[in-house]
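Open the model in your viewer and keep the selection panel at hand. The stops below go from a sheet to one of its side chains and then to the helices around it.

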Amino acid sequence: IVDALALEPSSVLWDLGAGTGSVTVAAAMQCRAGAVIAVERNKEAAGLVRDNLRKFHLHNVTVVEGDALEAIKSLPKPTHIFIGGGGNKLPEIANLAAGLGGGVRVTVAAVTLKTYSLASEILSGNSFDGFEAEQIAVSRTKKIGGSVIMAAQNPVTVFSAVTRDNTKGAER
């Protein structure tokens with residue numbers, strides 16, 4: 001996920017649906033001259049993000065507890081957005097991202113078919129350029145009869161694209 005984000009040292013990342021902070025921590029280590037804003041609605045998970053930030057001595061992260069759509073209205077403009085927990089709000093979040101102007105890299109992690117469908121449709125649409133998708137899968141050994149197979153676990157598909165500057169040509 002961090003590789004798909006293509007972060008720079010001065011990037012400003014919104015980590016929406018930060019969970020326990022694994023992407024937040026990894027991104028903060030890469031964006032030491034920038035900032036990471038971790039938005040998480042689950043109070044316990046937000047507490048774990050804060051614990052992980054202390055553990056890794058990271059001071060370039062702000063943790064915001066609450067709903068992503070509400071929280072992002074007051075955040076500084078990002079260069080990158082990671083949507084790890086958009087759920088049914090993915091279309092609204094993506095539309096908001098597209099409205100920020102060109103050049104914002106948006107990355108979505110999808111584990112459900114609904115998110116897979118929404119992310120691929122939205123990020124390959126007219127508001128975005130450079131659509132990419134990668135699927136990450138982990139397999140574990142499992143014994144079946146006298147044989148051992150590699151049984152696939154829950155795959156994650158990572159979608160990325162960059163917001164398009166829709167002001168070009170609007171003056172015509």
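The tour starts with the conventions and then moves through the selections.

This is a predicted model, in which local features need pLDDT of at least 70 and side-chain atom pairs count only at pLDDT 80 or more, while totals for chains, interfaces and linings use all residues. Residues are numbered from 1 along each chain as its sequence is written, and side-chain values use heavy atoms, without hydrogens and water.

Helices (H or I, at least four residues) and strands (E, at least two) are DSSP runs, numbered from the N terminus. Select the seven strands of the open, mixed sheet, in the order E3-E2-E1-E4-E5-E9-E6. E3 and E6 (128-136) are the edges; each has a single partner strand, so one side of each lacks a neighbour in the sheet. Strands pair if DSSP finds at least two bridges between them; E1 and E4 run parallel and are joined by four bridges.

Next, select His80, in strand E4 (residues 80-83). Is His80 buried or exposed? His80 counts as buried, at 7% relative accessibility (buried means under 20% relative accessible area, with a 1.4 Å probe and protein chains only). Show the side chain of His80: one of its polar atoms lies 3.2 Å from the backbone oxygen of Ala6. Contacts of His80 beyond four places in sequence include Leu5, Trp14 and Arg105 (contact means heavy atoms within 4.5 Å).

Now select helix H2 (residues 22-30), where Val23, Thr24, Val25, Ala27 and Ala28 are buried. Among the elements that these buried residues pack against are helix H1 (2-5), helix H3 (43-55) and E4.

Methods
Buried < 20%, exposed > 50% of the residue type's maximum accessible area, 1.4 Å probe, protein only. Polar contact = N/O pair within 3.5 Å; in protein donor to acceptor, adjacent residues only side chain to side chain.
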